[in-house]
Amino acid sequence: MDPTAAVIASALDQVGPRLKRLRNQRQVTLTSLAAATGISKSTLSRLETGQRRPSLELLLPLAQAYNVPLDDLVGAPEVGDPRIRLKPRVANGRTVVPLTRHPGGVQAWKIVIPASKKEPELKTHEGYEWLYVLSGRMRLVLGDNDLTLGPGEVAEFDTRVPHWFGSTGGHGAEVLSLFGQQGERLHVRAKSSKEYKH
């Protein structure tokens with residue numbers, strides 16, 4: 001038996017004892033439960049003893065009669081912890097925190113750039129990058145342009161253009177980076193001055 005089938009079989013085996021325990025705790029007779037659910041006494045008895053496999057058609061009226069979630073009757077596992085523990089790493093003197101875990105597609109990173117006097121080393125590679133400055137000030141060298149970006153400023157560029165970004169020398173920065181290897185582009189729509197007028 002494959003592992004998934006074994007888990008399902010084990011969960012179904014526990015339904016009967018769970019139903020019997022619940023009925024005894026509530027001090028409900030099989031007769032009154034049959035009247036409340038429309039399920040025959042013999043079927044209810046066979047469900048509790050495991051002689052009848054539980055089905056949705058049988059469990060839904062029972063969950064309603066007991067006023068409990070269906071998950072309580074079948075012992076569904078609790079949803080796991082939704083938090084993702086992303087491990088920061090240090091690369092080229094910067095702290096890089098991955099914000100996506102799947103390979104391929106657009107990758108998101110939070111990059112903490114410390115203040116330093118490092119000389120720019122321009123590089124090129126396939127892809128498209130979008131940078132958003134969360135705090136501080138950063139320097140972006142892109143082709144012949146040498147720019148300083150502050151909080152809330154955005155840059156997007158084709159990474160086949162020689163580029164480098166890092167510290168301004170006097171300031172550190174926190175930057176959100178979205179990078180697509182296949183050249184996926186992200187667009188920032190700027191509001192026109194007309195849109196600000198009421």
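Student: Is Thr37 buried or exposed?
Tutor: This is a predicted model, where local features need pLDDT of at least 70, side-chain atom pairs count only at pLDDT 80 or more, and totals for chains, interfaces and linings use all residues. Numbering runs from 1 along each chain as its sequence is written, and side-chain values use heavy atoms, without hydrogens and water. Buried means under 20% relative accessible area, exposed over 50%, partly exposed in between (1.4 Å probe, protein chains only). Thr37 has 15% relative accessibility, so Thr37 counts as buried.

Student: Which residues does Thr37 touch, leaving out those up to four places away in sequence?
Tutor: Contact means heavy atoms within 4.5 Å. On that basis, the residues touched by Thr37 are Leu44, Pro61, Leu62 and Ala65.

Student: How far is the backbone oxygen of Leu33 from a polar atom of the Thr37 side chain?
Tutor: The Thr37 side chain also has a polar atom 3.2 Å from the backbone nitrogen of Ile39. For the backbone oxygen of Leu33, the distance is 2.8 Å.

Student: Which helices do the buried residues of H2 pack against?
Tutor: Helices are DSSP runs (H or I, at least four residues), numbered from the N terminus. H2 spans residues 30-37, and its buried residues are Leu30, Leu33, Ala34 and Thr37. They cover an arc of only 100° around the axis (directions from the helix axis to the C-beta atoms), so they sit on the same side of H2. They pack against H1 (3-26), H3 (41-49) and H4 (56-66).

Definitions and conventions: Helix = DSSP H or I, 4+ residues; strand = E, 2+ residues; numbered from the N terminus. Polar contact = N/O pair within 3.5 Å; in protein donor to acceptor, adjacent residues only side chain to side chain.
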